[in-house]
Amino acid sequence: MEWSDDVIARLRVLWVEGLSTAEIGRRLNVSKNAVVGKAHRLNLPPRPSPIRRGVEGSASPRPQAPRRAQGPTLPPLAASMGGPAPTLRPIMSAPKQTLRATPCCWPSGEPGKPSFHFCSAGSVPGKPYCEDHAAIAYVRVRDRREDAA
Ligand SMILES: [Zn+2]
């Protein structure tokens, strides 16, 4: 039996296609043993197992073998590389306090005179004046708007 390049090429193709060695032998007009031996010398890849060939019903599906990670697992060091997680510090620790503590900044008296001072009563939350002065201020604003209209 001569293995010409052409026959070898056909052997490779049929081998990859998954034909049985006997079938390949028939097509190449060589014995099955010649096919096996030649394939071995050619270092052809291992044949895919003939799962669909005549074993239907007889072979139970193989349970998936758990894949084991090769090599060492991740060292626990990696988890602590960044140091301890930063604790969230409440930035707004004293939130509403300032609103209530702002003194009324309504000017009283004439500027430049010793009697001049700010009202400095507790202001309405969210407004710069105390309740009384806020009422005056916003009435004035409203009056101005009505005058302008
Ligand atoms: Zn006031």
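This is a predicted model: local features need pLDDT of at least 70, side-chain atom pairs count only at pLDDT 80 or more; totals for chains, interfaces and linings use all residues.

Trainee: Why is helix 2 called roughly perpendicular to helix 3?

Mentor: Helix 2 (residues 21-28) and helix 3 (residues 32-41) pack at about 105°, with their axes 8 Å apart. Angles of 65 to 115 degrees count as roughly perpendicular, so helix 2 gets that label relative to helix 3.

Trainee: And which residues meet there?

Mentor: From helix 2, Thr-21, Ala-22, Ile-24, Gly-25 and Leu-28 meet Lys-32, Ala-34, Val-35 and Val-36 of helix 3. By class, that contact has 6 nonpolar, 2 polar and 1 charged residues.

Trainee: What makes a residue of helix 3 buried, and which ones are?

Mentor: The cut-off is 20 or more other C-beta atoms within 10 Å of its own. In helix 3, the buried residues are Val-35, Lys-38 and Ala-39.

Trainee: How do you know on which side of helix 3 they sit?

Mentor: They cover an arc of only 100° around the axis, which puts them on the same side of helix 3. What covers them includes helix 1 (5-17) and helix 2. The face turned away from that buried side carries Asn-33, His-40 and Arg-41, which are exposed.

Trainee: Which element has the lowest mean pLDDT, and which the highest?

Mentor: Helix 4 (residues 97-101) is the lowest at 53, while helix 2 is the highest at 95. For the chain, the mean is 76, and 57% of its residues reach 70 or more.

Terms used:
Residues are numbered from 1 along each chain as its sequence is written. Axes are lines fitted to C-alpha atoms, for helices over the stretch in contact, and angles run from 0 to 180 degrees between N-to-C directions. Helices (H or I, at least four residues) and strands (E, at least two) are DSSP runs, numbered from the N terminus. Angles under 35 degrees count as roughly parallel, over 145 as roughly antiparallel, 65 to 115 as roughly perpendicular and the rest as oblique. Two residues are in contact if their C-beta atoms, placed from the backbone, lie within 7 Å. Ala, Val, Leu, Ile, Met, Phe, Trp, Tyr, Cys and Pro count as nonpolar, Asp, Glu, Lys and Arg as charged, and the others, Gly among them, as polar. pLDDT is the predictor's confidence in each residue, from 0 to 100. A residue is buried if 20 or more other C-beta atoms lie within 10 Å of its own, exposed if 12 or fewer, and partly exposed in between; C-beta atoms are placed from the backbone. The arc is that of the directions from the helix axis to the C-beta atoms.
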